[in-house]
Amino acid sequence: MREVTSSSLVSPTALAGGWGACLPAGRRKVGGSSPPTPTFMKKIKRPSWDEYFMKLAHVVMSRADCTRRQVGTIIVRDFRIISTGYNGTPHGIKNCSEGGCLRCQKRDQGKIDWYEYEESCVCIHAEQNAIIQAAYQGVSTKGATLYSTTNPCSSCAKMLINAGIGRLVCKKLHHDLDGIKLLEKAGIVVNVK
């Protein structure tokens, strides 16, 4: 433990001058009020905001119950999460993995192909759930960024446009790439990672 002596204490005069007054004259920043970075501290590599929110979208994805594909989304405005969504059955309906969606059950049993009877699926897409949850809570999505583990289908793209989403950050994994084209036509910034 370091011994505290009167020479190691910061004087009230130095405090009044801000953090710069505590530094030797050659290291002072004029007008700066942030503390000096100690030379012994190691710089921590932090993820970018996009990397951070995409990682969180993957955590949200872990709640998805679709037997075919799990998707997670988050809606962010001003670096704050305002809504999350994952794909699965509506509230009060048995989960996909429990037989809640007859179409998914038939597909899993090999009775229909993956692209057949999509309109009869009772599951809600992650993007839809995120928009619905924001509306349910009375939170505007205008100008927000949506982070998704999968690019949106055409139907979800239309909803994102009308919900006022200003930017999309996603991975390109879905077979329906027309959703991205539609978003770009509407002037929404699309970043595929």
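Where does T150 lie? T150 sits in the loop between β3 and α5. The model is a predicted one, in which local features need pLDDT of at least 70, side-chain atom pairs count only at pLDDT 80 or more, and totals for chains, interfaces and linings use all residues. Residues are numbered from 1 along each chain as its sequence is written, and side-chain values use heavy atoms, with hydrogens and water left out.

T150 is buried, at a relative accessible area of 4%. Buried here stands for under 20% relative accessible area, exposed for over 50%, and partly exposed for values in between (1.4 Å probe, protein chains only). Neighbours within four places in sequence aside, T150 is in contact with R69, V71, E127, C170, K171, L173 and H174. A contact requires heavy atoms within 4.5 Å. C170, one of these partners, is itself buried, with a relative accessible area of 0%.

The overall fold was then described by element. The protein has six helices and five strands. Both are DSSP runs numbered from the N terminus: helices are H or I with at least four residues, strands are E with at least two. Starting at the N terminus, the order is α-α-β-β-α-α-β-α-β-α-β. The protein has 193 residues, and 33% of them count as buried. Among contacts with a separation of 6 or more, 50% come from residues 24 or more positions apart.

The nonpolar interior was examined next. A nonpolar core is a set of buried Ala, Val, Leu, Ile, Met, Phe, Trp, Tyr and Cys residues joined through side-chain atoms within 4.5 Å. The largest such core has 15 residues. I75, L146, L160, I165, L168 and L183 have the most contacts inside it. At least two residues of this core come from each of α4, α5, β4 and α6. Apart from this core lies another, of seven residues, including F53, M54, V76 and Y147. L183 of the largest core has contacts with P152, A157, L160, I161, L168, I188 and V190, leaving aside neighbours within four places in sequence.

Helix α5 spans residues 154-162 and has C156, A157 and L160 buried. These three residues cover an arc of only 105° around the axis, so they fall on the same side of α5. The arc is taken over the directions from the helix axis to the C-beta atoms. The cover over the buried residues of α5 includes α4 (126-136), β3 (145-148) and α6. Just after α5, G164 adopts a positive phi of about 85°.

Cysteine pairing was also checked. The whole structure contains zero disulfides, a disulfide being a pair of cysteine sulfur atoms within 2.5 Å. C153 is buried, at 8% relative accessibility.

Charged pairs complete the picture. Side chains of opposite charge can pair when their charged atoms come close. Three salt bridges are present. The criterion is a side-chain nitrogen of Lys or Arg within 4 Å of a carboxyl oxygen of Asp or Glu. D50 pairs with R167, with the closest N and O atoms 2.6 Å apart. This pair links distant parts of the chain, 117 residues apart: D50 is in helix α2 (residues 49-61) and R167 in strand β4 (residues 167-170). D50 is buried, with a relative accessible area of 14%, whereas R167 is partly exposed at 22%.

D50 also forms a salt bridge with K193, at 3.5 Å from N to O. K193 lies in the segment after β5 (189-192) and D50 in helix α2, so this bridge ties together parts 143 residues apart in sequence. K193 is exposed, with 55% relative accessibility. K181 and D178 form a salt bridge at 3.6 Å, N to O. K181 and D178 are three residues apart in helix α6 (residues 178-185), so about one helical turn separates them. D178 is partly exposed, at a relative accessible area of 45%. Through shared partners, salt bridges join D50, R167 and K193 into one network.
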